[in-house]
Amino acid sequence: MITCRSYRDGELERETAFEPQVVRAARENGHRIWLDVVDPTDEELETLRAGLGLHELAVEDSRRWGQRAKVDLYPDHLFLVAHGLDLDGRDELADREVHVFAGGGFYVVTVRREPKFEFDKVHDRLAIAPALASEGIGYLLYLLLDEIVDGYLDLVDRLEDLGDDIEDAVADEERGGESGEAYRALAARIFRVRQTVVRFRRLAAPMREAVDVILENQAVATLPLAPYYRDVLDHVIRTLELLDNVRDLLTSARELQLAQASNRMNIVMKQLSAWAAIILIPTLIAGIYGMNFNHMPELRWLFGYPFAIAFMAVAAFTLYRIFRKREWL
Amino acid sequence: MITCRSYRDGELERETAFEPQVVRAARENGHRIWLDVVDPTDEELETLRAGLGLHELAVEDSRRWGQRAKVDLYPDHLFLVAHGLDLDGRDELADREVHVFAGGGFYVVTVRREPKFEFDKVHDRLAIAPALASEGIGYLLYLLLDEIVDGYLDLVDRLEDLGDDIEDAVADEERGGESGEAYRALAARIFRVRQTVVRFRRLAAPMREAVDVILENQAVATLPLAPYYRDVLDHVIRTLELLDNVRDLLTSARELQLAQASNRMNIVMKQLSAWAAIILIPTLIAGIYGMNFNHMPELRWLFGYPFAIAFMAVAAFTLYRIFRKREWL
Amino acid sequence: MITCRSYRDGELERETAFEPQVVRAARENGHRIWLDVVDPTDEELETLRAGLGLHELAVEDSRRWGQRAKVDLYPDHLFLVAHGLDLDGRDELADREVHVFAGGGFYVVTVRREPKFEFDKVHDRLAIAPALASEGIGYLLYLLLDEIVDGYLDLVDRLEDLGDDIEDAVADEERGGESGEAYRALAARIFRVRQTVVRFRRLAAPMREAVDVILENQAVATLPLAPYYRDVLDHVIRTLELLDNVRDLLTSARELQLAQASNRMNIVMKQLSAWAAIILIPTLIAGIYGMNFNHMPELRWLFGYPFAIAFMAVAAFTLYRIFRKREWL
Amino acid sequence: MITCRSYRDGELERETAFEPQVVRAARENGHRIWLDVVDPTDEELETLRAGLGLHELAVEDSRRWGQRAKVDLYPDHLFLVAHGLDLDGRDELADREVHVFAGGGFYVVTVRREPKFEFDKVHDRLAIAPALASEGIGYLLYLLLDEIVDGYLDLVDRLEDLGDDIEDAVADEERGGESGEAYRALAARIFRVRQTVVRFRRLAAPMREAVDVILENQAVATLPLAPYYRDVLDHVIRTLELLDNVRDLLTSARELQLAQASNRMNIVMKQLSAWAAIILIPTLIAGIYGMNFNHMPELRWLFGYPFAIAFMAVAAFTLYRIFRKREWL
Amino acid sequence: MITCRSYRDGELERETAFEPQVVRAARENGHRIWLDVVDPTDEELETLRAGLGLHELAVEDSRRWGQRAKVDLYPDHLFLVAHGLDLDGRDELADREVHVFAGGGFYVVTVRREPKFEFDKVHDRLAIAPALASEGIGYLLYLLLDEIVDGYLDLVDRLEDLGDDIEDAVADEERGGESGEAYRALAARIFRVRQTVVRFRRLAAPMREAVDVILENQAVATLPLAPYYRDVLDHVIRTLELLDNVRDLLTSARELQLAQASNRMNIVMKQLSAWAAIILIPTLIAGIYGMNFNHMPELRWLFGYPFAIAFMAVAAFTLYRIFRKREWL
């Protein structure tokens with residue numbers, strides 16, 4: 001499905017289905033057009049290619065998804081791949097790839113697939129600031145990029161919150177006696193969020209170079225637009241730095257969790273071993289008085305039995321005190 | 001064995017065994033020739049060197065296998081080393097090295113050894129798009145490189161699948177009670193796939209520079225061909241990034257597996273120690289009533305024996321409850 | 001709240017609330033003005049933007065906090081983000097962000113929020129060295145940066161002290177018998193201080209590039225001021241290097257603590273196991289003489305019982321000696 | 001000892017002991033001379049310095065051994081340090097440093113110490129290809145470098161074999177029940193070979209820059225020689241990459257060995273603990289029937305004893321089955 | 001205290017206390033002066049600043065110690081910070097910072113504090129080679145730097161020896177049965193020496209850039225001096241590379257020590273557990289014959305007791321053989 005928006009003097013004139021003559025008209029009258037393509041068929045892509053004179057490699061690239069963010073410059077247009085990103089319910093990354101062709105001084109083509117990245121805010125901003133729109137398609141491209149990269153900052157915020165949650169959970173684990181099950185769930189969660197952060201970083205990092213390429217292209221990033229593109233670039237860099245923060249936090253949390261688990265385990269093993277030693281001593285005493293020697297004077301004492309029990313208790317308690325003092329218990 | 005393909009106006013004219021006069025004819029008539037050499041003898045290489053005026057160092061290099069991917073520029077030809085890669089049955093890398101000499105504006109020589117990298121698709125594409133073939137040997141070189149690098153992306157896909165399998169296997173291990181044998185097999189598998197990924201990366205990484213060198217050579221990467229070479233370069237970079245993803249995934253999986261094994265071991269040791277303590281307490285009680293003191297009133301009680309058994313049971317159960325509460329059991 | 005300081009010939013002439021005509025007057029009379037804004041409302045920022053001709057993106061940026069340190073150059077002014085840093089009571093970083101607009105040859109605007117970074121020393125230094133102030137607003141910018149970066153060096157000093165404390169605590173732990181609780185507290189402290197160091201580094205590192213950008217801008221970093229800016233740059237680099245030192249120290253301390261804990265645990269487990277073995281041997285002997293065989297000559301010996309006790313003691317002591325010799329006890 | 005070889009038209013004319021007039025004669029007649037110095041005394045070095053006009057710093061450097069590979073350029077000669085490398089019997093690196101002075105368009109001085117790097121192949125190649133020798137001393141320098149760097153590739157081959165051996169040994173260890181002694185020997189071997197690889201890398205890495213420096217010096221690396229030097233450079237890079245491979249392999253092998261040892265240990269501890277629990281249960285039963293209560297009906301049963309034994313056996317076997325099912329045994 | 005050395009034609013003319021007119025005289029007569037300042041007061045620094053026209057920032061920097069090595073270039077002089085380094089008795093770094101002002105074509109000021117870096121060898125070398133001294137103050141600066149950097153190479157030698165000692169100690173530990181105390185001491189020593197190496201690297205690394213800055217300043221590093229400065233640079237780089245070697249060695253030693261300790265611990269735990277199991281079996285047998293059943297035929301056998309003892313011995317020995325075979329003992 002191809003939607004064609006035609007802008008005259010920066011204001012939306014009409015929104016129609018795509019027809020080749022719209023392109024011709026726009027080219028002749030100096031209008032700008034935005035062709036928005038969702039889940040295109042091969043025929044639709046071919047129509048676009050022929051109508052706008054797109055390079056066959058760019059269109060070929062646009063057929064496949066899962067590309068890295070980049071800007072390819074062709075003689076009279078550019079091809080941009082960017083990744084709109086979101087979190088799904090299981091803290092995993094939902095990747096909404098967007099392909100953009102922009103060129104000829106008057107057209108922008110956006111290609112998306114379902115579930116698609118939403119452009120609602122871009123429409124709003126185009127309606128609010130029509131003056132700037134007259135600066136050319138570089139402005140529309142900026143709005144698209146800005147929208148995508150703003151999503152990165154939102155996403156980083158949420159990942160930072162997740163990181164803080166995890167940090168708290170690790171600290172709680174330290175205090176409370178943690179069961180193996182909860183420990184495992186937390187470890188798996190750290191692993192999962194960390195994977196998400198790493199994947200996010202991999203998808204966002206090439207945007208830096210992509211925006212750089214646009215910035216050097218003064219036909220698109222005109223002098224008044226340059227600060228805006230630099231702003232986008234700044235946001236990309238900030239995203240990457242904040243992601244490094246989160247990744248570091250998660251790595252530290254994992255290490256701390258491991259150290260704590262090891263420490264807890266050590267304490268438990270020491271306690272169990274100490275208790276075993278405490279039980280073994282009375283067992284030995286009981287064994288001694290269970291020997292069958294004929295001549296064991298204590299056996300005939302009237303208070304031999306209470307004495308033996310007391311002996312056991314004293315021995316066990318002394319051991320307990322020693323372990324306590326050495327902080328093994 | 002040397003097969004000689006002669007192209008006139010981009011179309012395959014004839015396919016013969018190599019003879020020196022073919023070269024001379026091609027040079028004079030402006031034909032392009034593709035000499036495909038499989039498992040060459042030293043004499044064949046020498047014939048080629050003399051016939052085409054190849055540099056002795058390039059031919060020398062071509063005698064040895066196991067070279068890193070590179071492009072060496074000589075005054076009137078270039079020498080390319082690339083690695084066609086595949087997975088064998090044991091998830092290990094099958095390396096199919098290809099050497100290419102291209103130059104003089106009309107010849108391309110490919111040197112392969114058994115088991116050899118297949119060029120079937122290249123022949124198909126040459127047949128389909130003869131027009132472009134008239135752009136010169138740079139197009140043929142592009143097709144060769146594109147074929148090899150497309151293989152990288154396929155291979156990365158398969159490694160990503162292997163990585164996902166391993167991730168699932170680690171998660172399963174977490175749930176089920178895993179035997180030492182299965183654990184060991186999984187650890188060895190992670191190790192093996194990771195080695196494969198690392199070797200893949202080492203073989204593919206120098207391709208980046210190699211393609212760069214060709215891109216800067218405008219006699220080969222002519223203006224219309226440049227976007228195509230940039231596309232190949234883009235695929236190489238994407239391959240490397242995806243490989244980094246897989247490597248990261250495997251490293252995380254290994255760490256998670258280690259952490260899980262350690263956690264499982266801790267749980268087992270705690271359980272075993274706790275059970276030992278639970279058994280030791282009744283053993284102590286039995287030892288006490290096995291003492292031979294003359295004056296032990298309980299021994300004469302009618303219900304002394306059931307009482308003692310009950311005492312043991314209560315003591316053991318109390319301990320069990322305590323351990324249960326502390327989540328050691 | 002906006003405070004406006006007006007300087008004539010480097011000396012403070014008057015300090016008033018902000019009014020647009022002050023700007024006009026300063027521009028015409030060649031005075032310098034310093035507008036200090038604390039917790040600005042959107043209206044105040046808009047007034048400033050209009051009055052000084054600030055770029056909308058810079059003002060937009062200034063509305064949001066948590067930016068990375070940077071210098072954005074606009075046609076006739078620059079926008080600087082810097083982070084004044086301090087430690088709060090819990091060894092965590094207190095970040096006091098400062099935004100600065102400087103340009104037009106005569107104005108500097110500082111934007112802060114509560115709890116705010118204090119400029120007392122800057123005022124003092126401006127009063128002491130008025131001559132240099134006549135060199136232009138670059139001098140004021142230098143004072144601001146110098147103040148912020150001097151704070152970094154103080155902070156690094158305190159972190160180095162914390163690092164040394166931790167190193168000593170780890171060494172003490174090695175000597176004394178450390179309880180699990182103290183161990184855990186120290187581990188958490190290392191974790192916390194390390195996080196602080198990492199965050200500090202992330203906030204301070206971009207300052208390097210920011211000061212570099214100013215240094216290349218000869219309108220601000222004039223020839224006589226350049227050594228001063230280079231001095232600031234040098235302090236930033238030194239801060240980063242010292243932070244690397246502290247981070248390394250903390251990493252090593254953590255590793256040493258882990259190694260010590262593991263070593264201590266090993267020693268304790270060995271001791272407990274050895275003691276268990278020492279107790280088990282007399283228990284076996286007691287068990288033997290507790291057997292009910294009719295024909296056990298020892299049982300009828302007069303000194304059978306003392307002999308058995310002595311036998312146990314000798315066996316236990318021999319084992320003790322063996323363990324002692326092998327250094328397991 | 002200084003041997004002086006004089007070449008006329010690329011062919012060896014005569015081989016004599018060094019005398020200053022040989023230098024003068026060579027300079028005047030356009031001959032090339034190769035002075036080969038082994039274990040020089042200070043006087044011999046001084047004679048060379050004076051006779052050839054070598055820079056005092058270069059000669060000073062040549063007095064000390066253990067230098068990093070480098071090329072120092074002086075106004076009319078260059079000073080090269082390179083390391084011929086070999087493995088001694090204990091898999092450790094034997095470093096055979098070679099110093100070379102080359103300049104004045106006609107002389108090459110090689111300085112070696114015992115045990116010395118052998119130049120036999122260089123002599124052979126000089127004899128075979130005299131034509132090229134007429135290209136100047138750059139050719140001789142190339143032969144020397146090529147000889148040294150070819151040694152690197154041989155050495156890397158042997159280290160790769162060692163790495164494969166170790167990988168196999170680790171895999172064998174996984175299968176067989178490995179004693180502590182063999183484990184320790186293998187760990188120490190991995191450590192030793194890894195040290196060798198690291199040292200090799202450190203000695204070889206600066207060669208890259210050294211050859212680069214020569215390549216930029218067109219008086220030595222003349223146009224026809226340039227591809228040859230690039231070939232050497234390519235071999236150095238390949239050496240470094242292969243070394244990285246080996247190092248990675250060894251790191252992985254060590255990690256795998258550690259993981260295996262830990263896994264084996266866990267299995268053993270679980271088995272031992274499980275067996276202890278299996279023994280403790282019958283011990284408890286025996287303790288119970290060893291109690292001295294007057295009223296214990298079982299004691300008087302005719303088949304009480306076999307019953308008790310059977311009870312023990314059943315209890316132990318049940319436990320054994322449980323452990324077996326949980327894969328602890 | 002300021003000592004003033006005045007050189008005429010490269011030879012020391014006289015050595016006096018500092019007086020301002022000495023500077024003036026030297027400037028007029030073309031003499032070189034070397035002002036050596038030890039533990040200067042603020043007044044002395046101020047006198048120097050005024051007398052030589054030093055930049056206030058440089059003097060300000062010189063008041064504080066603990067600076068990173070650097071060269072600051074001012075319009076007519078340079079300011080150098082370098083660190084003379086030594087080992088104190090406890091293998092820790094003794095840092096002897098040296099500040100140098102050099103400029104005006106005729107003066108060098110060295111600032112040191114107690115315990116101070118010694119310049120004895122510099123004086124000797126100045127006396128031996130007066131001719132070069134006439135090349136200007138760049139020569140003196142070279143001598144100072146060369147002295148400091150030679151100290152680095154000596155220090156690296158000693159650290160390499162320490163590293164080798166530690167490697168041997170770790171290997172010895174592997175063979176002998178190591179007590180916990182010795183283990184701990186060695187671990188702490190590795191930690192300490194590693195800290196020293198890391199600090200050394202941090203202090204020495206910036207020297208590389210500092211010498212680079214001087215090399216680019218052709219007023220100081222004149223054409224004949226340039227090779228000498230390059231020699232110093234080469235030594236700095238070599239120092240850094242050798243330090244990396246030592247650090248790697250120490251890291252490996254620590255890892256090996258950890259692995260060995262873990263291995264030894266595993267062996268001990270296996271042995272103790274195995275011995276416990278060996279003792280538990282006879283205990284169970286003794287418990288069985290301690291049961292009070294009326295009908296236990298063995299109890300009445302004449303050789304029942306020796307039989308039971310033999311039974312225990314055989315059971316224990318069989319277990320011992322099994323453990324031995326599995327290499328658990």
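Visitor: Welcome me in with a packing question: what do the buried residues of helix 3 of chain D pack against, and which helix of chain E is involved?
Guide: In this predicted model, the buried residues of helix 3 of chain D pack against helix 2 (42-52) and strands 4 (70-74), 5 (77-87), 6 (93-103) and 7 (107-112) of chain D. Chain E joins them with one element, helix 8 (226-289).

Visitor: Which residues of helix 3 of chain D are the buried ones?
Guide: Helix 3 of chain D covers residues 56-63. Its buried residues are Leu57(D), Ala58(D), Val59(D), Asp61(D) and Ser62(D).

Visitor: Let's visit helix 8 of chain E, where Gln257(E) sits. Is Gln257(E) buried or exposed?
Guide: Happy to look! The relative accessibility of Gln257(E) is 2%. Buried means under 20%, so Gln257(E) counts as buried.

Visitor: Which residues does Gln257(E) touch, leaving out those up to four places away in sequence, and how far apart in space are Gln257(E) and Ile190(E)?
Guide: Gln257(E) touches Val170(E), Glu173(E), Tyr183(E), Leu186(E), Ala187(E) and Ile190(E), with residues up to four places away in sequence not counted. Gln257(E) and Ile190(E) are 67 residues apart in sequence. Their C-alpha to C-alpha distance in space is 10.0 Å.

Definitions and conventions
Residues numbered from 1 in each chain as written. Chains lettered and ligands numbered in written order. Predicted model: local features only at pLDDT ≥ 70, side-chain atom pairs only at ≥ 80, totals over all residues. Heavy atoms only, no water. Buried < 20%, exposed > 50% of the residue type's maximum accessible area, 1.4 Å probe, protein only. Helix = DSSP H or I, 4+ residues; strand = E, 2+ residues; numbered from the N terminus. Contact = heavy atoms within 4.5 Å.
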